2 protein chains.
Amino acid sequence: MKKFINRAEDVVKEELEGIALAFPEFVKVNFNPNFVYRADAPVQGKVAVISGGGSGHEPMHGGFVGMGMLDAACPGEVFTSPTPDQMAEAARRVHGGAGVLFIVKNYTGDVLNFEMAADLVRAEGIRVLNILIDDDVAVKDSLYTAGRRGVGTTVLAEKICGAAAERGYDLHKVADICRRVNLNGRSMGVALTPCIVPAAGKPNFTLGEDEMEVGIGIHGEPGRERTKMKTADEITEMLALSIIEDGAYRRTVRELDEQKGEWTEIELVSEPFRPGDRVIAFVNSMGGTPDIELPIIYRKLHEICEKKGLHIVRRLMGRYITSLEMQGISITLLRVDDELIDLWDAPVKTPALRWGA
Amino acid sequence: MKKFINRAEDVVKEELEGIALAFPEFVKVNFNPNFVYRADAPVQGKVAVISGGGSGHEPMHGGFVGMGMLDAACPGEVFTSPTPDQMAEAARRVHGGAGVLFIVKNYTGDVLNFEMAADLVRAEGIRVLNILIDDDVAVKDSLYTAGRRGVGTTVLAEKICGAAAERGYDLHKVADICRRVNLNGRSMGVALTPCIVPAAGKPNFTLGEDEMEVGIGIHGEPGRERTKMKTADEITEMLALSIIEDGAYRRTVRELDEQKGEWTEIELVSEPFRPGDRVIAFVNSMGGTPDIELPIIYRKLHEICEKKGLHIVRRLMGRYITSLEMQGISITLLRVDDELIDLWDAPVKTPALRWGA
């Protein structure tokens, strides 16, 4: 294992120390429990948007903390869920009196721990809602997950919900926006290489010299199939069509019913894409895939979307939700309406995503 | 070789097609000859800032085209100089009547071709000045280079000169700023892995399982030494001290004397860093090194700078000048004064670098 680290057990701590020193204009860092939070938190009267998950997916989530996006991010160890005390302490630190939204990727550990954290801080009188992201069309159930995994749509949801909160939407409205983004977003990824979790010291799976893993998860979870290497155009078509031709997807999720004060199962349906839909197209490097290859993917994706009658109205291309140094990419398409586009365009000032005034 | 490409010979063309589709709000692309240029070019009355070089270092330079940075970027094939006709045609397209600055990394092919391009467009009545970047302290001469190589300082020079041009500085003043940035910037890098140029299909060098190349060039050129792998702190110290303790560096460069209308050799000196200097600190991934490792480097760099009396006043951390998927990092320190800081802070809107209004 060759990495720019000191001791494997210090990777996350030292990463956070570096983030605190490198981005003082955007964020502060709390240690024990670990979380990254807005330098100007709490923002009074604004819904606080919090996410978190295992480390190793940088810049998600810590790189998305700042004006117009997250109020706090809770990093676990590499590929390991953060703990309820991190989430609860982050909520206490950044809530500005208007409630807290937890954006939760659908991995069993994350889901349980964010629910426990919500219960903890609700007992102290802070309003909290949890919204799940489960957008990966590759597989139904997976290692670490019942139902679909939460992947690329998470980045878009954090941007859009952050804008909604900044604009003064109340807690239920921000949660509604988050649910709407999740129901309209679909993703799928492919890996050409594994990655090495520092504490493990060896690749998290093996792939032949001419093989790729189609439908890979962001922790190296197996996908749909292992196939021979294909061209960029063929791979893009495989991912794009899996997303665009995905049928209606029904799932039961647990959300908090604030009236009753209890967790309730509700059924949610993602409707398939249809010709005429407007979409945000997101081409993401899993970490090790270089920038020169991403436009080659985008070029084909653009062509396929046009052929299918989907209008790409906004784009995001780069490294945003990664698996350490894994070579691979993922594609996300998010159906948007005027409101979501407007929230997407709103100013954002974070270490990893910046635009607008 | 596993890459998201179609045919190796189409990589740059298809990358440019993707860039044109993905970033229409920032840039347009010209094919045959290939260059990326500002969507709103030419900007009348503004000095046009142009750079270029081999592809494979993305986002440099095409990702830096836009308001407040480059007017055009000329990409060669991967790790291959662009040709004079690309540079000349780009200059014709974007010049707004106030002259053109070519920012040239010190590689023999780039230097010669940018000089030929300057002669070509000068013959047509367009004023052009060429400024060289040669900031790599690792080695004196190198494969492809007489004198020091041009590396990380190029990114900072493009940002700062772009801001100067945007602010209405005249051609000589923008060139002076560029020369000043170069004379005050120093860089050094290290590689943990090679990379694969698509047309070659195999790694550009080999490194043992426990080895690294210290002082690597951005095309995989050998550096100072090949050593056993070290910790992040040890590597950071090795690079930072090589930069901070570098003595006065004298070199002779060719610049155009506009009065005489001929290329003239002038001697330029980089003065060493001194306690009390203010610096911009730039921690750069060579491509394959993931975001989780960069703050670990920055953390130690910050400590070393403090110990040496250098005040880090601004920072840049991420992938900006890369070698395809190479795992490695480089550190750049740029001594700045009030004017350079102010130009650094000025708004920039490009695919890869965005901030401000």
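Guide: Welcome! Buried means under 20% relative accessible area, exposed over 50%, and partly exposed in between (1.4 Å probe, protein chains only). The model here is predicted: local features need pLDDT of at least 70, side-chain atom pairs count only at pLDDT 80 or more, and totals for chains, interfaces and linings use all residues. Residues are numbered from 1 along each chain as its sequence is written, chains are lettered from A and ligands numbered from 1 in the order written, and side-chain values use heavy atoms, without hydrogens or water.

Visitor: Does Asp136(B) count as buried or exposed?

Guide: Look in the loop between β6 (128–133) and α4 of chain B, where Asp136(B) lies. Its relative accessibility is 1%, so Asp136(B) counts as buried.

Visitor: Which side chain does the side chain of Asp136(B) join in a polar contact of 3.0 Å?

Guide: A polar atom of the Asp136(B) side chain lies 2.8 Å from the backbone nitrogen of Ala138(B). Leaving out residues up to four places away in sequence, Asp136(B) touches Arg148(B), Val151(B), Ser187(B), Met188(B) and Ile216(B), among others. The side-chain partner in the polar contact (N or O atoms within 3.5 Å, one able to donate a hydrogen and the other to accept it; residues adjacent in sequence count only through side-chain atoms on both sides) is Arg149(B).

Visitor: How far apart are the end C-alpha atoms of helix α4 of chain B?

Guide: This helix (a DSSP run of H or I, at least four residues; a strand is E, at least two) covers residues 153–166. Since 13 of its 14 residues are buried, α4(B) is largely enclosed by the rest of the structure. Gly168(B), with a positive phi near 95°, follows α4(B). The expected span (1.5 Å times one less than the number of residues) agrees with the end-to-end distance, because both are 20 Å.

Visitor: What area is buried between chain B and chain A?

Guide: In contact (heavy atoms within 4.5 Å) are 58 residues of chain B and 58 residues of chain A. Lys2(B), Phe4(B) and Ile292(B) supply 21% of the area that chain B buries against chain A, more than any other three residues. Carbon and sulfur atoms give 64% of the buried area (the accessible area, 1.4 Å probe, lost on putting the two parts together, summed over both), and the total is about 4,800 Å².

Visitor: Which element of chain B gives the most to the side that touches chain A?

Guide: Across this interface there are 22 residue pairs in polar contact, both at pLDDT 80 or more. Elements giving two or more residues to this side of chain B include α6 (232–244), α7 (294–307) and β13 (311–318). With 8 residues, the element that gives the most is α1(B).
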